[in-house]
Amino acid sequence: MSTPLIYLAAALAEIAGCFAFWAWWRSGCSALWLAPGAISLGLFAWLLTLVDSDYAGRAYAAYGGVYIVTSVLWLWLVEHRLPDRWDVTGAAICLVGAGVILFGPRG
């Protein structure tokens, strides 16, 4: 699986896992939400180990930009809240930064 797809899958797993905890703690959903949330967070951690990077810190730093963009999409598609121009601008800046970290030439 390619790095961008791994990052996307990891972001979805992390956001879904965190959202399950959010739904239980903040929205009054059943504690049964915690089990799939924990599994999803475990999947997230495993997926990041699949990234082809010599250093974990670099892989995680680049992932951060993808996570932010995916979070803004989650806001729109799952929580039905349209991102504003600042959400979109900030996410775009982060994605560019992730690309620099991930694909920048190393000497």
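This is a predicted model: local features need pLDDT of at least 70, side-chain atom pairs count only at pLDDT 80 or more; totals for chains, interfaces and linings use all residues.

Residues are numbered from 1 along each chain, and side-chain values use heavy atoms, without hydrogens and water.

**Exercise 1.** Find which residues of helix 2 are buried, and where they lie around the helix.

*Solution.* Start with helix 2, residues 34-48 (helices are DSSP runs of H or I, at least four residues, numbered from the N terminus). Next, pick out residues under 20% relative accessible area with a 1.4 Å probe, protein chains only: Gly 37, Ser 40, Phe 44, Leu 47 and Leu 48. Seen down the axis, they fall within an arc of 95° (using directions from the axis to the C-beta atoms), so they line one face of helix 2. Finally, they pack against helix 1 (3-27) and helix 3 (56-77).

**Exercise 2.** Work out which residues Glu 14 is in contact with, leaving aside neighbours within four places in sequence.

*Solution.* First, locate Glu 14 in helix 1. Then look for heavy atoms within 4.5 Å: the partners are Leu 41, Phe 44, Tyr 63 and Tyr 67.

**Exercise 3.** Describe the surroundings of Arg 58.

*Solution.* Arg 58 is found in helix 3. Its C-alpha atom is separated by 6.9 Å from that of Ile 101, 43 residues apart along the chain. Leaving aside neighbours within four places in sequence, Arg 58 is in contact with Tyr 7, Ser 53, Ile 101 and Arg 106.

How values were computed:
Helices (H or I, at least four residues) and strands (E, at least two) are DSSP runs, numbered from the N terminus. The expected span of a helix is 1.5 Å times one less than its number of residues. Buried means under 20% relative accessible area, exposed over 50%, partly exposed in between (1.4 Å probe, protein chains only).
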